[in-house]
Amino acid sequence: MGLALHTTRQEDRVTVAARGSIDLHSSDELRERLEALVEAGHREIVVDLTAVDFCDSSGLNVLVRAYKHARTQGGAFTVTGAYGRVENVLRTTGLDRFLISTPPEV
């Protein structure tokens, strides 16, 4: 199974819902989508990984580069919905500390 991306906009936030596997063969598609959103001036980008079952180092690289690119443009970039193997990879690498947003205190 490849990767499917669905982009939705709500007020100032753009969410990219990914489905499938983010790997060497599909990470370019995600990279291109995220770069285009940052370049288009979107300042709050969220990548929803709820339906992603696998993410290798090339996928992690795309997420880190998008995070850095958004930050240099004054934007915010976060990841939500990571679970199982994908969440484990984010936690093991320490990327969860800056990619995964924590819900605001109510």
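The legends below describe close-up views of a predicted model.

In this predicted model, local features need pLDDT of at least 70 and side-chain atom pairs count only at pLDDT 80 or more, whereas totals for chains, interfaces and linings use all residues. Residues are numbered from 1 along each chain as its sequence is written, and side-chain values use heavy atoms, with hydrogens and water left out.

View 1. Strand S1 (residues 3-10) runs antiparallel to S2 and is joined to it by eight bridges; strands here are DSSP runs of E with at least two residues, helices are DSSP runs of H or I with at least four, both numbered from the N terminus, and two strands pair if DSSP finds at least two bridges between them. Two residues lie between S1 and S2 in this hairpin, and Glu11 in the turn has a positive phi of about 55°. Because seven of its ten residues are buried, strand S2 (residues 13-22) is largely enclosed by the rest of the structure, where buried means under 20% relative accessible area, exposed over 50% and partly exposed in between, with a 1.4 Å probe and protein chains only.

View 2. Thr15 belongs to strand S2 and stands opposite Thr8. With a relative accessible area of 18%, Thr15 is buried. Not counting residues up to four places away in sequence, Thr15 touches His6, Thr7, Thr8, Val46 and Asp48, contact meaning heavy atoms within 4.5 Å.

**View 3. From S2 to S3 through helix H1.** Strands S2 and S3 (residues 44-55) run parallel and are joined by nine bridges, and Ala17 has Asp48 in S3 as its bridge partner. Between these two strands the chain passes through helix H1 (residues 27-39), and the resulting β-α-β crossover is right-handed, that is, with the strands pointing away from the viewer, the path from the first strand over the helix to the second runs clockwise.

**View 4. The packing of helices H1 and H2.** The axes of H1 and H2 come within 9 Å and cross at roughly 5°, the axes being lines fitted to C-alpha atoms over the stretch in contact, with angles from 0 to 180 degrees between N-to-C directions. The two helices, H1 and H2, are therefore roughly parallel to each other, a label for angles under 35 degrees, while those over 145 count as roughly antiparallel, 65 to 115 as roughly perpendicular and the rest as oblique. Among the residues that meet here are Leu30, Leu34 and Val38 in H1, and Val62, Leu63 and Ala66 in H2.

**View 5. The largest nonpolar core.** Of the 29 residues in this core, Leu30, Leu34, Leu49, Phe77 and Leu90 touch the most other members; such a core is a set of buried Ala, Val, Leu, Ile, Met, Phe, Trp, Tyr and Cys residues joined through side-chain atoms within 4.5 Å. Elements that each supply at least two residues of this core include S1, S2, H1, S3, helix H2 (57-72), strand S4 (76-80) and helix H3 (84-93), and H2 gives the largest share, seven residues.

**View 6. Leu90, Leu60 and Asp96.** Leaving aside its neighbours within four places in sequence, Leu90 has contacts that include Leu49, Leu60, Val79 and Asp96. Leu60 lies in helix H2 and counts as buried at 11% relative accessibility; its C-alpha atom is separated by 9.7 Å from that of Val86, 26 residues apart along the chain. Asp96, in helix H4 (residues 96-99), counts as buried at 17% relative accessibility and touches Leu90 and Arg91, not counting residues up to four places away in sequence.
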